[in-house]
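Please read the points below alongside the model. They run from overall shape to single residues.

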Amino acid sequence: MSRTSIVHRQLCRECINVQTGARLIPRDCRYWHYPAPCSCCGEIRHIVTGVTLTGRWKLFRSRLME
Ligand SMILES: [Zn+2]
């Protein structure tokens, strides 16, 4: 899964962590203003719309270790 698709699939942070192994913390991510159903777990969660530089680095590193 590319980093671009992560923020276009309406996933919560937990699901991104499970799918990528990136261990993002809340401040690594930017969120929608309102909670919405996650397209992966179906729970009403804060949906990630983007990641900070630190988050990008974690995603990049996690892909290197796959
Ligand atoms: Zn989820």
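1. Burial comes first, as several points rest on it. A residue is called buried if 20 or more other C-beta atoms lie within 10 Å of its own, exposed if 12 or fewer, and partly exposed in between, with C-beta atoms placed from the backbone. The model is predicted: local features were taken at pLDDT of at least 70 and side-chain atom pairs at pLDDT 80 or more, while totals for chains, interfaces and linings use all residues. Residue numbers start from 1 along each chain as its sequence is written. The pLDDT is the predictor's confidence in each residue, from 0 to 100. The protein chain averages 90, and 91% of the residues score at least 70. Confidence is lowest in helix H1 (residues 3-8), with a mean of 67, and highest in strand E3 (residues 44-45), at 98. Where pLDDT is low, the predicted coordinates should not be read in detail.

2. The protein chain has three helices and four strands, in the order α-α-β-β-β-β-α from the N terminus. These are DSSP runs numbered from the N terminus, with helices (H or I) of at least four residues and strands (E) of at least two.

3. On overall dimensions, the radius of gyration of the protein chain is 11 Å, which agrees with the value near 11 Å for a compact globule of 66 residues. That radius is taken over C-alpha atoms, and the globule rule is 2.2 Å times the number of residues to the power 0.38. Along the principal axes, the C-alpha atoms fill a box of roughly 30 × 20 × 15 Å. Of the 66 residues, 27% are buried. Two residues are in contact if their C-beta atoms, placed from the backbone, lie within 7 Å. Among contacts in the protein chain with a separation of 6 or more, 55% join residues 24 or more positions apart.

4. The largest nonpolar core has 13 residues, and those with the most contacts inside it are Leu11, Cys12, Ile16 and Val48. Such a core is a set of buried Ala, Val, Leu, Ile, Met, Phe, Trp, Tyr and Cys residues joined through C-beta atoms within 7 Å. Helix H2 (13-20) and strand E4 (48-51) are the elements that give two or more residues to this core. Leaving out residues up to four places away in sequence, cysteine 12 touches Cys38, Cys41, Glu43, Arg45, His46, Ile47 and Val48.

5. Which residues of H2 are buried? They are Arg13, Cys15 and Ile16. Seen down the axis of H2, these fall within an arc of 160 degrees, so they line one face of the helix. The arc is that of the directions from the helix axis to the C-beta atoms. Valine 18, also in H2, is partly exposed, with 13 other C-beta atoms within 10 Å. Its C-alpha lies 11 Å from that of serine 62, at a sequence separation of 44 residues. Just after H2, glycine 21 takes a positive phi of about 70 degrees.

6. The end C-alpha atoms of helix H3 (residues 53-64) are 16 Å apart, which agrees with the 16 Å that its twelve residues should span at 1.5 Å a residue. The expected span is 1.5 Å times one less than the number of residues. Gly55, Lys58 and Leu59 are the buried residues of H3. Viewed down the axis of H3, they fall within an arc of 95 degrees, so they line one face of the helix. Leu53, Phe60 and Leu64 are exposed on the other side of H3.

7. Glutamine 10 has a positive phi of about 55 degrees although it is not a glycine. Glutamine 10 sits in the loop between H1 and H2 and is partly exposed, with 17 C-beta neighbours inside 10 Å. Arginine 23 also has a positive phi of about 55 degrees without being a glycine. Arginine 23 lies in the loop between H2 and strand E1 (29-31) and counts as exposed, with 11 C-beta neighbours inside 10 Å.

8. Alanine 36 belongs to strand E2 (residues 36-37). Beyond residues up to four places away in sequence, alanine 36 touches Gln10, Ile44 and Ile47. Proline 35 is in the loop between E1 and E2. With the same exclusion of residues up to four places away, proline 35 touches Ile44, Arg45 and His46.
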